[in-house]
Amino acid sequence: MGDGKPAQISVSEMRSYYLYCEWCSWLLSGAEDEIMHQDIVPLCAADIQDQLKKRFAYLSGGRGQDGSPVITFPDYPAFSEIPDKEFQSVMTYLTSIPSLQDAGVGFILVIDRRRDKWTSVKASVLRIAASFPANLQLVLVLRPTGFFQRTLSDIAFKFNRDDFKMKVPVIMLGSVPELHGHIDRSQLTEDLGGTLDYCHTRWLCHRTAIESFALMVKRTAQALQAFGTELAETELPNDAPSTRAVLCAHTEKRDRAKEDMRLALEEGRGVLESVSAPLAQDPERSVNQDQLDNQSTVQRLLAQLSETEAAFDEFWAKHQQKLEQCLQLRHFEQGFREVTATLDVVSQKVAAFTDVGNSLAHVQHLLRDLAGFEEKSRAAVDRARALCLDGERLIEDKHYAVDSILPKCEELRQLCDAFAAEVGRRRGRLGRSLELHGLLEASMRWSDEGIYLLASQPVDKCQSQDGAEAALQEIERFLETGAESKIQELPQILQDYESILNQDLTEHVRKVFQKQASTEEMFRRRQASLRKLAAKQTRPVQPVAPRPEALTKSPCPSPGIRRGSENPSSEGSALRRGPYRRAKSEMSGRQGRSSSAGDEEESLAVLRRHVMNELLDTERAYVEELLCVLEGYAAEMDNPLMTHLISTDLHNKKDVLFGNMEEIYHFHNRIFLRELETYADCPELVGRCFLERMEDFQIYEKYCQNKPRSESLWRQCSDCPFFQECQRKLDHKLSLDSYLLKPVQRITKYQLLLKEMLKYSRSCEGAEGLQEALSSILGILKAVNDSMHLIAITGYDGNLGDLGRLLMQGSFSVWTDHKRGHTKVKELARFKPMQRHLFLHEKAVLFCKRREESGEGYEKAPSYSYKQSLNMTAVGITENVKGDAKKFEIWYNSREEVYIVQAPTPEIKAAWVGEIRKVLTSQLQACRDASQHRALEQSQSLPLPAAPGSSPSRGTARNIKKLEERKTDPLSPDGYVSAAPPPPKAPEKGRGWNKTSHSPEAPGDDADWSSAEEPVNSSDAEEDGGDPPKKLVPGRRTVVVGHVEAGPGVLAVRSGDVVELVREGQEGLWFARDPGSGKEGWVPASSLSPHLGKSSSAQCLSSSESSPGSAVLSHSSSCSESGQAPFTELQG
């Protein structure tokens, strides 16, 4: 952890800091003292440039005999007009230029008034004497040269001498030569007769440049001094980002300071070159003192600036090193915190690896998990070791925080070593567990193979000496070759593996050893038996004639024995020996079979365990493969580092590509695999596990329905670099599409394993559960297959889910025959049938046209164009069509639409007809139950019949009881005898329920009655020409009595009326309905005729058109009256 303390300033850093500060102060003082000496605010030439350009006074650089600076006031007519402030500024500036030493001697003023008037001379001298800011040594005045003005000046000067009394003498000079007597000509300018080279413009330019350079040096020195103070007073932050920010900010300021120094040096060198230019052009040229002073000043400033820059660089190097070391320390501390936290987590996880496994496969799985965990943790360990090496390098580089880094490096080494040791210890425990389970597996395998060997030895062949010897040798060879597979000493095993044994594992070891001991005991018993059989010597049986009393005592003497008594020959003896030997052989066989029954059951148990082990092993491998795909592909699609490899077609398509694979993985990993493992010791009961989770297997239907979309997306993006990179990381030999097929392969694998388990569990407790589980898995496979076809339907406007569960689907040849309105329109027959794919739902049957999509291989997927649908509430079937055992009829709305359907095989036809009958029967049963309830309510008010006996109500009760009994078999013909009538208040124009020709109450009846107002004709029935029924059956009948009065529960009828019989009651009563009025009631059977004019011969069970839950079920062949019905193809 970071201590958060600010870094201490080292001695060398402190020394360089103070040295740097001294250089900054020296540079600053040099810039101030060497250029300007005013006590007030210093002036620069740039500030008073306009006043200096007037040239009413200038400093030529000349010196007096004692080195006094000479200031010249040239003839300037407008001298009196100069403002006092400007005059004072110029005087102040000119007196500040010479050095303090020269200025201390005093200035010599040369006032040139040769062209002026005396009055102006007097005013100028007085003004200069009054406002001169420095010491004066001598004032030399060149008086006017005109005769009058010169005479006037002599007189006036004598009389006004007191006005010129100053601290220094004022000398009036009449000519320039007199001036030369006071100042050497070499120190005077040319206008005063001297030889001093002076150009006022050049002087002004040099002064401006020198002062600008001095000011730049001054600002640079001040900035460096402030920056140095800031660096020295900076406290180092406690985190890496802040340290990096400070380092960046200081580096930026340092770069700016370096740039300022570079510009100052360039400008100083330029000024020095400009000042030294005259001398460089003419080395013999004389240079005045001011020029020499300017040159030396610039050179000194440049030297000071260079020295200051060197001090700054040295100080900055130490400060930068400290900041960089601080940043390295903060990174080290941050990495230390992260690594220690990660190592704590992985240490806790490796400490949780306490399981030693319960089987060889489980231990191998745990070892793979440990290896995978170690591989994933290797990055953290490697990072910790790399961080430790970084810390050691910091220590070698003499980092200022060695005391903080060294303990952390030690702690990192200890954590890495502790983790490696713990992983090694866990691996060692699992290695020992692997050895132990290897021994246990070998022992169990030896036991299973031994039991299988004993069970596979034929008992009948072992009865002979040769067979017994061969079996004995086989056993001995097995025992010799398998000796190394057995557990030798149980106490030694328990002692050797004591470190990994827990209660469950110890119990498992004891069971395995007990099984091995039991197997050895079985071998010993078998060996003993075989040795007896091999050592037995068969003696020849001498033919002996039986005694007569023996024959009389024989319970069932055989013909052979009797023949032997009559003819005591060798042939008779052989006949006598034959039954004896057969009986003995049979007895020995029974004994062998009884003794091998346990062995056979044990061998079956071994086979069941083999199947169970395969189921568990493949289930674990399946779960691992799913996890590998989800982590190696699906999770990587959300990895920002892999985004650049994903094509645009794959963006936001993870759900399309993988479907609900994650849901499947969680189900198998968290639930199904764990529950399967609980049945490892009782594999014959594993069917219960499948049955309990059968609803969860519905998730495979969703996965399979998404599979076409997934395959289509894979075909588009299979060459994406993302998949190639993931496959490389996973080291998979197969591409992703092979793993996306795993769930489909797995759901089909279960039924094979269940079949295999069922084959070896026929006599076990769980056989019924296995059979049920197998049927359920097959049902799921069928539902999945059907759903794959269902999602391929196109053009259907409604919701397929509203049609109920999909029961069946398949391709058929279909012909059609339609009756439009009340007239049957027969079109030109089409001998070529339509190819239609039918989908049978609970509520409708759909007709579709199969279309093949373009493509090759698995890319070629069918689709189905919707053509027509029939509501099952108005559908009837005719099971048999003459001329073809593969055809049946589906008709609709009282045969207004008839579809002749030809199945590929009779078996497929039978399956479809049976499924449709189930749908229609369930609808009929629902309608019947509702009608029975209404009939019960109405039967309570029926009158007593004329004949003595039980009342109609009691008969009705008995009939209802009979109905309840018949409800147990909905497909029985008796189930259709007493269909309930519709509600009495709902008039119907359709038909009621018809009785089938298979009813035991009407044997041999080929004709049924339809409840429709217009009978449904069947040419097949007409051709049969069956006799009319001799007993009343449900259907339409004619009333033959004169009149029946209405009463409570009695239907009023007249002779000639047509009524529809619903069901038979007691004492000759029938419950009937008037088709015209819809009224219902009881009528006597004696008043009814068994015929109804033109009857229908179709053997069918039909429902009324108005009943929503009704349907039609027919068993006859349904063709046209002529037997050649024209068929028209479905439109579309």
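The cut-off here is 2.5 Å between cysteine sulfur atoms. A disulfide, after all, is a covalent bond between the sulfur atoms of two cysteines. Go by that rule and the tally is zero disulfides. Keep in mind that this is a predicted model.

Is Cys409 buried or exposed? Cys409 counts as buried because its relative accessibility is 1%. Cys689 also has a relative accessibility of 1%, so Cys689 goes down as buried as well.

## The overall picture

Zooming out, the protein has 30 helices and 21 strands. Of its 1132 residues, 45% are buried.

His437 is a handy place to start looking at helix 13, which covers residues 402–456. With a relative accessibility of 1%, His437 counts as buried, the cut-off being under 20%.

What does His437 touch, once neighbours within four places in sequence are set aside? The list is Val356, Gly357, Asn358, Ser359, Leu360, Val363 and Leu505. Ser359 is 78 residues from His437 in sequence, yet their C-alpha atoms are 6.1 Å apart in space.

## Helix 13 against helix 16

Two packed helices are described by the angle between their axes and the distance between the axes. For helix 13 and helix 16 (residues 503–535), the axes come within 10 Å and cross at roughly 30°. Angles under 35 degrees count as roughly parallel, so helix 13 is roughly parallel to helix 16. Their crossing is left-handed.

On the helix 13 side, the contact is made by Leu436, His437, Leu440, Ser443, Met444, Trp446, Ser447, Asp448, Gly450, Ile451, Leu453 and Leu454. Helix 16 brings Leu505, His508, Val509, Val512, Lys515, Gln516, Thr519, Glu520, Met522, Phe523 and Arg526. Sorted by class, the residues of this contact are 12 nonpolar, seven polar and four charged.

## Helix 26 against helix 27

Helix 26 (residues 742–759) and helix 27 (residues 767–790) have axes that come within 9 Å and cross at roughly 155°. Do these two run roughly parallel or roughly antiparallel? Angles over 145 degrees count as roughly antiparallel, and helix 26 and helix 27 are therefore roughly antiparallel to each other. Helix 26 passes helix 27 in a left-handed crossing.

Helix 26 contributes Ile747, Thr748, Tyr750, Gln751, Leu754, Lys755, Met757 and Leu758 to the contact. Facing them from helix 27 are Ala767, Leu770, Gln771, Ala773, Leu774, Ile777, Leu778 and Leu781. By class, that comes out as 12 nonpolar, three polar and one charged residues.

## Loops worth a look

Which residues other than glycine show a positive phi? Arg55 is one of them, with phi near 60°. Arg55 belongs to the loop between helix 2 (49–53) and strand 1 (58–63), and its relative accessible area of 30% makes it partly exposed. Asn652 is another, with a positive phi of about 60°. Look for Asn652 in the loop between helix 19 (570–634) and helix 20 (654–658). Asn652 has a relative accessible area of 82% and is exposed.

Tyr76 is in the loop between strand 2 (69–73) and helix 3 (84–96). Not counting residues up to four places away in sequence, Tyr76 touches Lys54, Phe56, Ile82 and Arg113. Ala57 is 19 residues away from Tyr76 along the chain, with 9.0 Å between their C-alpha atoms. Ser175 lies in the loop between strand 5 (170–173) and helix 7 (176–182), and counts as partly exposed at 27% relative accessibility. Ser175 and Leu142 are 33 residues apart in sequence, with a C-alpha to C-alpha distance of 6.6 Å.

Key:
Residues numbered from 1 in each chain as written. Predicted model: local features only at pLDDT ≥ 70, side-chain atom pairs only at ≥ 80, totals over all residues. Heavy atoms only, no water. Buried < 20%, exposed > 50% of the residue type's maximum accessible area, 1.4 Å probe, protein only. Axes fitted to C-alpha atoms, helices over the stretch in contact; angles between N-to-C directions. Helix = DSSP H or I, 4+ residues; strand = E, 2+ residues; numbered from the N terminus. Parallel < 35°, antiparallel > 145°, perpendicular 65-115°, else oblique. Left-handed = near helix turned anticlockwise from the far one by under 90°. Contact = heavy atoms within 4.5 Å. Nonpolar A, V, L, I, M, F, W, Y, C, P; charged D, E, K, R; others polar.
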